[in-house]
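My entries follow in the order in which I checked things.

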Amino acid sequence: MATYNSIGTTYADTRRPDPRIAARIHRALGGAATVINVGAGTGSYEPSHTVLAVEPSSVMIAQRPAGSAPALEASAESIPLADDSADAAMALLTVHHWSDLEAGIGELLRIARQRIVVLTFDPAINHRFWLLEEYLPEAAAFDDTRAVAVDRLATLLGGARIETVPVPHDCTDGFLAAFWRRPEAYLDPQVRAGISMFAQTRDEVLQPGLARLSEDLSSGRWHQRHADLLGREELDVGYRLVVADL
């Protein structure tokens, strides 16, 4: 909660839902008529049949658009709702922030009747992303301390299918790897302010790598090194949907 009470002030400006990712999430929810969004943030990707959002940060709740589902200020690890409260529960890019993963997954299993949909990242792939591998390995090492292995999630959910979510080159949702073909974006403090890894890593750790990135962009070295990316429309940077039928 402390993280998002800090970085959440500009979150709605840089973390606008991408319609292509939204379509994948909504397909994964299947025929669920009622959905609870856990770790809901500002409400990105909530389908129209969302009946409740659960979010611990009041700063994030305050940025939810008018007409959104009602929000309950609570943590994923202890959701004050009855068992089987909705057809489906979803948790999007949030599980790596939970203080007790097992408790949070247990709550998803308790409140959902039919299906659970989790959007997360596979650290084994995500941490090979060029930004982390070439410029910010120290930040990636910190991220390793909170990242959740996708297979572990699937096991905790009692078995689940795992779907790859490629990131389009012009993704409108400014999460960590969204700018894989737009490297200049990582030099923008406002973009970095909406990415939790940057917000949780000390500036003195980040600045040397960002300075090298700036130099490589100015010299053209980045474009030479990553010429293979420049014509691609989408990229697998490790984002995954984990879908469990109950």
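How many of the ten residues of S5 are buried? I found eight of the ten buried, so strand S5 is mostly covered, where buried means under 20% relative accessible area with a 1.4 Å probe and protein chains only.

I noted that this is a predicted model, in which local features need pLDDT of at least 70 and side-chain atom pairs count only at pLDDT 80 or more, while totals for chains, interfaces and linings use all residues. Residues are numbered from 1 along each chain as its sequence is written, and side-chain values use heavy atoms, with hydrogens and water left out.

I then traced the open sheet, whose seven strands (DSSP E runs of at least two residues) follow the order S3-S2-S1-S4-S5-S9-S6 with mixed pairing; two strands pair if DSSP finds at least two bridges between them. At the edges I found S3 (71-72) and S6 (161-164), each pairing on one side only. S4 (residues 86-92) runs parallel to S1 (residues 35-38), joined by three bridges, and Asn37 has Met90 as its bridge partner. S4 also runs parallel to S5 through six bridges, with Ala91 partnered by Val118.

Last, I looked at Asp122, in the loop between S5 and helix H6 (123-126). Asp122 is buried yet has no salt bridge, as Arg240, the nearest side chain of opposite charge, is 4.9 Å away, and a salt bridge needs a side-chain nitrogen of Lys or Arg within 4 Å of a carboxyl oxygen of Asp or Glu. I saw that its side chain reaches the backbone nitrogen of Ala124 at 3.0 Å.

How values were computed
Helix = DSSP H or I, 4+ residues; strand = E, 2+ residues; numbered from the N terminus. Buried < 20%, exposed > 50% of the residue type's maximum accessible area, 1.4 Å probe, protein only. Lys, Arg positive; Asp, Glu negative; His and termini not counted. Polar contact = N/O pair within 3.5 Å; in protein donor to acceptor, adjacent residues only side chain to side chain.
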